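This report describes a structure chain by chain and contact by contact. The coordinates come first, and the description follows.

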Amino acid sequence: MRYSGLRVIAEALTGHKGWKPVWRDPAPQPDYDIVIVGGGGHGLATAYYLAKEFGQKRIAVLEKGWLGSGNVGRNTTIIRSNYLLDGNEPFYEFSLRLWEGLEQDFNYNAMVSQRGIINLIHTDAQRDAFTRRGNAMILNGADAELLDQAQVRAMYPFLNFDNARFPIKGALMQRRGGTVRHDAVAWGYARGADSRGVDLIQNCEVTGMRIAGGRILGLETTRGFIGARKVGVAVAGSSSRVMAHAGLRLPIESHALQAFVSEGLKPFIDGVMTFGAGHFYVSQSDKGGLVFGGDIDGYNSYAARGNLPVIEDVAEGGMALMPAIGRARLLRIWGGIMDMSMDGSPIIDRTPVEGLYFNGGWCYGGFKATPASGWCFAHLLARDEPHPTARAYRFDRFLRGLMIDEKGQGAQPNLH
Amino acid sequence: MIIPHPLLGPRDAQEFVYLGDASLMNRPDGMTAGIEAFHDWLYQRDNPAGIHRELWYHEQGDRSWLVVTRNTLTHEILGAELARDVARAMGRTK
Amino acid sequence: MTQTHRLAGGQIDRSRTLRFSFDGLPYLGHPGDTLASALLANGVRLMGRSFKYHRPRGPLSAGSEEPNALVELRGGARREPNTRATVVELFDGLEAASQNRWPSLRLDALAINDRLSSFFAAGFYYKTFMWPAAFWEKVYEPLIRHAAGLGSLSGAEDPDSYDKGFRHCDLLVIGAGPAGLMAALTAGRAGARVILADEDFRMGGRLNAETFAVGGMAGADWAAAAVAELGALPNVRLMTRTTVFGAFDDGIFGALERVSDHLPEPLPGRPRQTLWRIYARRAILAAGATERPIAFENNDRPGIMLAGSLRAYANRWGVAAGSRVAIFTNNADGLRSAIDLQAAGVEVAAVIDARPDAPPDAPPLPGIRHLRGAEVIDSAGRLGLRAVTLRHANGRTEVLRVDALGVSGGWNPNVNITSHHGSRPVWDPAIAAFVPGAGGPRGLVAAGAAAGALSTHGALAGGQAAALAVLGDLGLGARAEALPEAEDAPVSIVPKWHVGDGRGRAWIDQQNDVTVKDVVLAHQENFTSAEHLKRYTTLGMATDQGKTGNVIGLAVMAELTGRTIAETGTTVYRPPYTPVALGALAGRSRGPEFKPVRRTPSHVWAAEQGAVFVEVGMWLRTQWVPRPGETHWRESVDREVLATRRSVGICDVTTLGKIDIQGTDAGAFLDRIYCNTFSTLPIGKCRYGLMLREDGMVFDDGTTARMGEHEFVMTTTTANAVTVFRHLEYCRQVLWPEMDVQIISTTEAWAQFSVAGPNARRLLARIVDQDISDAAFPYMAAGEVTIGGLRARLFRISFSGEEGYEIAVPARYGDALIRRLMAEGRDFDAVVYGTEALGVMRVEKGHVAGNEINGQSSALNMGLGRMVSRKKDAIGVVLSQREGMVDPGGYRLVGVRPVDPAGRLVAGSHLLEQGAAAVIANDLGWLTSKVFSPHLGSDIALAYLRGGEGRIGQRLRAVNLLARPATETLVEITSPHFLDPEGERLRG
Amino acid sequence: MAEPLHALTALGRPEPLDETIGALRLTERIDIALASLAVRKGREGDVAAAAAAAGIPLPDPARHAAGPTHAAFWVAPGMWFLEAPFATHEDIVARLRPVFGDAASITEQTDAWICLDLSAPDLVPLFERLCAVDLAAVPEGHATRTVIEHLGCYLIVHGRGAVRLLGPRSSAASLVHALQVAAASLG
């Protein structure tokens, strides 16, 4: 069914009896052409685009829990394309363009809101680096602006300009950056995929892979064997666990990232902001909560929770930047498991197993990548060749010395 | 988390800096091993969901590098040894 | 205003009267009151508005689970939005205001949303506001954002301070009700180190709100006596006003102590709140239970509250929430409220008991109508309850005129903290509630009501048993003493979640306005998993985290799906238990104290000179030193550069990392650390070293000197001093433990100054006791010298390109040395130069620094490929040979000059061929560092350029597309060595 | 030969800090020379013997011990910090080298640290607001490294009412500020 304001009014007047299930709960069929493992944002987007843009049929998405229970349901909802390196920026800009038309495309209001993102500058070296980055963004067709201190002050007068340990000297701004209602992205893609015949199978965990002669035949699951011509794995956070079923080791570690939301407050912060002298970034949701985060906890973890030191570190960054939030209260802390890759950039590639494809290593950049990741993974699955904007996301880049290391931290995942 | 330091007893993990999988101790010999071997050693991980041996550095303590055995599903720490002792036990004596 | 609803009794101090105001109107209360109890005593029930429909609301509860009575407490910069009136301790002069309403609490314009509620069904916004696309940011969202949110921040800096602290104990007891007190007594008497923490300002928990006898005395008195005994034990620490908000790994708990929130403002020097990190070997969760309501149509009016809260107000605060009340319950505990209220002199119109076959006399209700099998189906009263409509067992309906209704749907054990590590609570049908499941935080057990033991005796026994078990674990012997006498009434409950068919609006989550209707819609649209229900309807996502509503929502969904509640699942509770001020989590680390400041030994002197300082990491370094008459920083920097190149300049370089490396294998060790060779370095010499990461990228650089056969002094960059030291420890302990190497940092032990320029040696010769002639102390010499007999170190090295030295003395003498150098330097017009001039001179020389050593660049990129020796095994050498890193067309360091000397360069500009379009495909590289060279009289820059060496002499465009309008400068590519490429000046 | 250079304290003053805040007495010590002593590989026996002969204690991990002229505390496996009177041992490295010969690596540390003595009837309330060390439980002579307001410090316990702190010299002002604020907040 099509959603619209008129429909909402009509239903309101008739007791909302007409709303249909947003997705079916089909039983798994014995086999499919393409099976996507992972009913998070990337998996659902992949299925959606496979059906809608690449004319694929007989597609299933297997989710071990509930749809959207991946990191799409536990992130800080930021979208942006303010990357530096050639391997990344075209991809994230492609993603941002997909965000810009997403709601009309899948007829679901995911509240894509381009209220702008600023990265604050505190040193001359940072300004030099952000100037390099901003130019790279524009060369890639994205938007970028360099703001001076007065422009930042006009935008956010309550930041600590006058009594700060690390004075604010300006900011790199991308006006097209912003936030999206994260759960709605999963639901919108799920609804769009389901309505195009994709089987979305919840509570179905992959327990093994059936491989013969170097080719994938299907998946052992908690709901029985499911045959597949092609299998696409999009389970960031659990990538190593799932790919181990195929005997593969990955250039990835799993780490816990905590995120935070405050009690609801009247509008205070319009856009998205990242602190350049501490580990803190923040935006305010439409409901009024300050949504913020910082660093990963820093040790391998599959427990979707963290510890106090990072919580305190994030709060310290927040108070150093915005001393007016001292009396706002932290309402909820949650954790997600990140696929931290060896250079901080993702992987969308074939594997040594014929018919088995991989999408992961998103670190904490996965949410903003959701549309492009789905599109590019669908492209790879359908056509067996990488999408032009995702060509660099190969497994062998580490062997060949072609890392995409935005932070310049080297082969230490917890530093990216 | 609390790390049971073999010399100093229980210490808050906040005093430590984390590196990663203890397999990083097995560095290939740069005079004999090639790019492939170094690549597999430096970039590839088991990343287990469960028992994990990993390297922690007591930066705000006695500067010992430790090999900590920890469950990545529960964060339960099962033991800690001085990395130097482990390395020497692996034959790194001369 | 008078306290029209004040009853006799209660634990308030009537000898003192406190003045306070709400929405500008003055009221009176007493010490011991909460803001909510005092307002109720003054006959004020309307305290807030709901989030979505702006429904009038009064307090639902008398505790921290409160969803409705949220106020903005205090004024000015101390304004605290979303503060629960039910936990605010009354103080004289307290000011509170209602929030999320306009123009007033009684007349709120957005109450229109309530009339339009059918258009605002769960998730309606996902289905509309999509056309035209641009309207979302421009029209729809601003309206939504304006309407949303609860209270507002002042926008001013929080004037209060916050402390942090660390406490240690054998046993942490969370909650000081009967279970917690009994646990603390048992462990405390046995000599264990005990911390007993309670969120309330008065310990005792429910005992303060009940009329039960414990051990033959009033429960509250028993609690007071227990607290007194505990207070006398040296091994027990009592923490009132302290909420344990989270359980973290290995027995670390976060706790917030509200040190000054019961005062108009903190005493001088004292914090508002203290965040405690409690290290506990064991913990007992004795957090009690929270009552839940039953959903029925219009069950959210002011005057309708939890039955147990209704009696708490009467028993603890001597307040009647209404003059004529009724009770609606599905369990025996609800009857207690009727009895207590009647005993307190409040007229009880009826007990509406949803249990058809409720036992008549358990407990007896003298003279109170007990309507078995009846239920409340609606209520009336716009700003406060006037009447309820009930349906008798026989179907007959009746309107009951009451101004307060106590509702009890049973009690939920406060399991929250047990699920902070992901453990899911399990359903206990006997009490129709969730109890703690397996796999909770290690070392934590729940006891008493928190574990599902809902009677007073059960709580006392549970607390004692849990403490005995802990003592056993800790090897502390203890015996079970006789428990005090207490009631042990069994739980008699018939689950009842909501009344009616779900068509009317029956509130489940009162703050977020989630009704049974919304759950029905969620089910209809297949959002049936617990998480989907929560996220789609926002059930349980309000500031109360669903403490009263979550279970009802799950139960309704269970009904709709035909599954059990257990099958329907739970949503895992996450920290914090109750919201925590961000200021408390930050503590003292804010403003200038956000991070420590590191000062150089010449800081005092430089400040006297009027130096401009700049943050370099934690360090404050001299950026330049303006002289009188210099109005622009460039004047000062140019002068410092020219004076240094002309005669002599001095710069404090103490911030560079210094590491003492000793041992019989020190030389061999350095061969593995640096990509170039050090074992061959003669004693008394230094050498520039390049350190790679294992991935072949440049990690750090600096000069390292050999002071003896087995003794080296390494210098690192300022930024990497700590990480390099960590790396060296890693290499010597983990990779090569067979080597004999000892290292220690000496960065702060020595004050070190660079003395550079044609007259550097002449100046130093006046100070250093030894002969430092070119013959005695040639280029790259290093050694120990003395200054007036004082031990010092001298290195003949240069970053500036001039004949240069670095001289070091013990840090305490650094101030004297800079003064001595400047005094002796007067004859040479010596200047001090700061980091800007340093930057200019190193760029003129083509030396790489932070902007080039960016973690993304190899030795080859920097034009230092020849330094990478293949003759030995060193960190990073093998992987630096990967195809992608030896690409001849890759980035190389070059120099860049504007063709027109007046042309401006901007660091970060990108390089393009002349005539090439500004698109990424044509991108050739970027300017890493740019300075104005007074020596060359133009801007110059270093750049990473694809195929760099091959392009030297070419003309390219340096474009800055960020400039408004975009700028571009025609530039010539040169060698990065702008000045003295042969280094003649160095050798002097 | 030029005349000697004057000295400033870590706080950049001519005289050491000596301050009382509430119950706390805060005294800066500039009269202590400090050196690190690290055992060379396989020379544990030689170092122990030399130390014993010279009356220099080499305590166990997490311990501090005092001898006739030198006191010492353990900082890392095979490494100690040695304290001696500055007036007589300013050149502490030159004086220790002959004692240990090539069996140990010795490095001057005197000016790397600000050394503060804290005294009060009970320092527990102060230190529980500064660091994670359980001052009430550790024995006399306990020596450990800990973090105070982001600064790595050595803490030596001479009793519940007497503690010595060694903090990074360049951050002396930040450390002292943190101590002053914490002491004042005890009210």
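## Overall build of chain C

In this predicted model, chain C holds 21 helices and 51 strands, and its C-alpha atoms fill a box of roughly 115 × 70 × 55 Å when taken along the principal axes. Of the 988 residues in chain C, 63% are buried. Among the contacts in chain C with a separation of 6 or more, 66% are accounted for by residues 24 or more positions apart.

## A buried helix in chain C

Helix α11 of chain C covers residues 550-561, and at 1.5 Å a residue its twelve residues should span 16 Å, which agrees with the 17 Å between its end C-alpha atoms. Nine of the twelve residues of α11(C) are buried, so this helix is largely enclosed by the rest of the structure. The buried residues are C:Asn550, C:Val551, C:Ile552, C:Gly553, C:Leu554, C:Ala555, C:Val556, C:Met557 and C:Ala558. Just after α11(C), C:Gly562 takes a positive phi of about 75°.

## Helices α9 and α10 of chain C

Helix α9 (residues 516-524) and helix α10 (residues 530-537) of chain C have axes that come within 10 Å and cross at roughly 120°; that angle makes α9(C) oblique to α10(C). The crossing of α9(C) and α10(C) is right-handed. On the α9(C) side the contact is made by C:Asp518, C:Val519 and C:Ala522, and on the α10(C) side by C:Leu533, C:Tyr536 and C:Thr537. By class, the contact of α9(C) with α10(C) has four nonpolar residues, one polar and one charged.

## Helices α2 and α6 of chain A

In chain A, the axes of helix α2 (residues 41-52) and helix α6 (residues 182-195) come within 8 Å and cross at roughly 30°, and α2(A) and α6(A) are therefore roughly parallel to each other. Their crossing is left-handed. From α2(A), the residues A:Gly41, A:Leu44, A:Ala45, A:Ala47, A:Tyr48, A:Ala51 and A:Lys52 meet A:Val185, A:Ala186, A:Tyr189, A:Ala190, A:Gly192 and A:Ala193 of α6(A). The residues of this contact divide into ten nonpolar, two polar and one charged.

## Contacts between chains

Five pairs of chains touch, and the most contacts among them are between chains A and C. The contact between chains A and C takes 86 residues from chain A and 94 residues from chain C. On the side of chain A that touches chain C, the elements that each supply at least two residues include α1 (5-13), α3 (89-106), β5 (145-148), α6 and β12 (252-264), while α4(A) gives the most, with nine residues. The residues of that side divide into 40 nonpolar, 24 polar and 22 charged.

The contact between chains C and D takes 43 residues from chain C and 40 residues from chain D. Among the elements of chain C that each supply at least two residues to the side touching chain D are β36 (657-662), β43 (790-795), β44 (804-810) and α19 (814-825), whereas the largest share, five residues, comes from β8(C). The side of chain C that touches chain D divides into 17 nonpolar, eleven polar and 15 charged residues. Chain A and chain D do not touch, their nearest C-alpha atoms being 11 Å apart.

## Cis peptide bonds and positive phi angles

The peptide bond from C:Trp131 to C:Pro132 is cis, with omega near -20°, and C:Pro132 is found in the loop between α2 (112-115) and α3 (135-147) of chain C. The peptide bond from C:Arg964 to C:Pro965 is also cis, with omega near -5°, and C:Pro965 has its place in the loop between β50 (955-960) and β51 (967-974) of chain C.

A:His16 has a positive phi of about 55° although it is not a glycine; this residue is in the loop between α1 and β1 (31-37) of chain A, and with 20 C-beta neighbours inside 10 Å A:His16 counts as buried. C:Arg241, likewise not a glycine, has a positive phi of about 50° and is placed in the loop between β12 (236-239) and β13 (242-248) of chain C. C:Arg241 is buried, with 20 other C-beta atoms within 10 Å.

Key
Residues numbered from 1 in each chain as written. Chains lettered and ligands numbered in written order. Predicted model: local features only at pLDDT ≥ 70, side-chain atom pairs only at ≥ 80, totals over all residues. Contact = placed C-beta atoms within 7 Å. Helix = DSSP H or I, 4+ residues; strand = E, 2+ residues; numbered from the N terminus. Nonpolar A, V, L, I, M, F, W, Y, C, P; charged D, E, K, R; others polar. Expected span 1.5 Å × (residues − 1). Axes fitted to C-alpha atoms, helices over the stretch in contact; angles between N-to-C directions. Parallel < 35°, antiparallel > 145°, perpendicular 65-115°, else oblique. Left-handed = near helix turned anticlockwise from the far one by under 90°.
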